[in-house]
Amino acid sequence: MALFKIADFNPNYQQDAFEGEDIKGLDVYAGRTAEKIGTIDDVLVDETGRFRYLVIDTGFWIFGKKVLLPVGRCHVDTEAHRIYAIGMAHKEQAEKLPEYHDSMTVDYDYEERVRKVYRTPVAQSSVPVALERPVEASRVVGMTSQSATPRPASNPVRPAAYDHNTYTYDHEPSMYQMNEQEHQRLRLYEERLVANKHRRKAGEVAIGKRVETEQARVSIPVEKERIVIERTTPQDAGSAVIPGNVDFREGEVAHMSVYEETADVRKQAFVREEVNIRKEVEQDTVDATEVLRREELDVNSQGRSIVDRSNQRPHNR
């Protein structure tokens, strides 16, 4: 159950929901003691635009923190331009509420902490005089204004078992239901498409390396030296040799070194290619079609007994 600040949900909320006026800045008083507990700082609405909480800035009255007041627990006094927190006996009860921050996300666990305080029974006490006079229908469209006769604060109990997946605001109408029976002004609602994006994991890619083997063959030409001894018969074989030119001796008469090449084969690693890994974001558009409902005022009358002074756009007749 996502909640939005009213200005984020509808930038034209003053004109659309409050007839050009604004609820922000109205003083808030404890419903039983008429003790001031703060001023309205903002309004939180759900995905359909329904009011769920009033954000109360307690200022210097209660340690300067902001707290939430369920809309079902407020009484709007249009003549006095103030709001009464029904079921809140005194400002000490507001002190027990968890603090609200503008930048925080209101989730189920936080709302449960808020609801727990309002479910706690409060002592009965006299109703302030300000609530005893008749109250005109609220000028706030979409908000509840309680009966002109002040109703005693109820002591709600925790509804049947539920969790963050099953809980809805309908479980506790005393906190979130808006009372239209005491209003002479009809409130017309309309549905709007609210588009949100949710990031989910669509898959994953794991990149690894494996080693493949193959048989490689290489041919290397090598050279080897060999000594070749050739014996020939000279042409003057059998001729006499002049005395003194013959040197008869024993031992080594010649010396030559013999070389040969051997193959030197080894393995060595070389860079074959480089792999770069990155992610790219592709933009796509998802089209959705829904049937939206809007309430229009349908007036059936005979004669000219009704004068329409509305400055709103014409209603369907």
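Which residue forms a salt bridge with Lys 66? The partner is Asp 102, and the closest N and O atoms of the pair are 2.9 Å apart. Lys 66 sits in strand β5 (residues 66-70) and Asp 102 in the loop between α3 (91-95) and α4, so this pair ties together parts that are 36 residues apart in sequence. A salt bridge here is a side-chain nitrogen of Lys or Arg within 4 Å of a carboxyl oxygen of Asp or Glu. Lys 66 is buried at 16% relative accessible area, while Asp 102 is partly exposed at 38%; buried means under 20%, exposed over 50% and partly exposed in between, with a 1.4 Å probe and protein chains only.

Before going further, please note that this is a predicted model, where local features need pLDDT of at least 70, side-chain atom pairs count only at pLDDT 80 or more, and totals for chains, interfaces and linings use all residues. Residues are numbered from 1 along each chain as its sequence is written, and side-chain values use heavy atoms, without hydrogens and water.

Now move to helix α4, which covers residues 108-119; helices are DSSP runs of H or I with at least four residues, and strands are runs of E with at least two, numbered from the N terminus. Since 9 of its 12 residues are buried, α4 is largely enclosed by the rest of the structure. Among the buried ones are Glu 111, Glu 112, Arg 115 and Arg 119. These four and Glu 172 are linked in a network of salt bridges.

For contrast, look at Lys 201 and Glu 204, a salt bridge with its closest N and O atoms 2.9 Å apart. Here Lys 201 is exposed at 61%, and Glu 204 is exposed at 65%.

Note on methods
Expected span 1.5 Å × (residues − 1).
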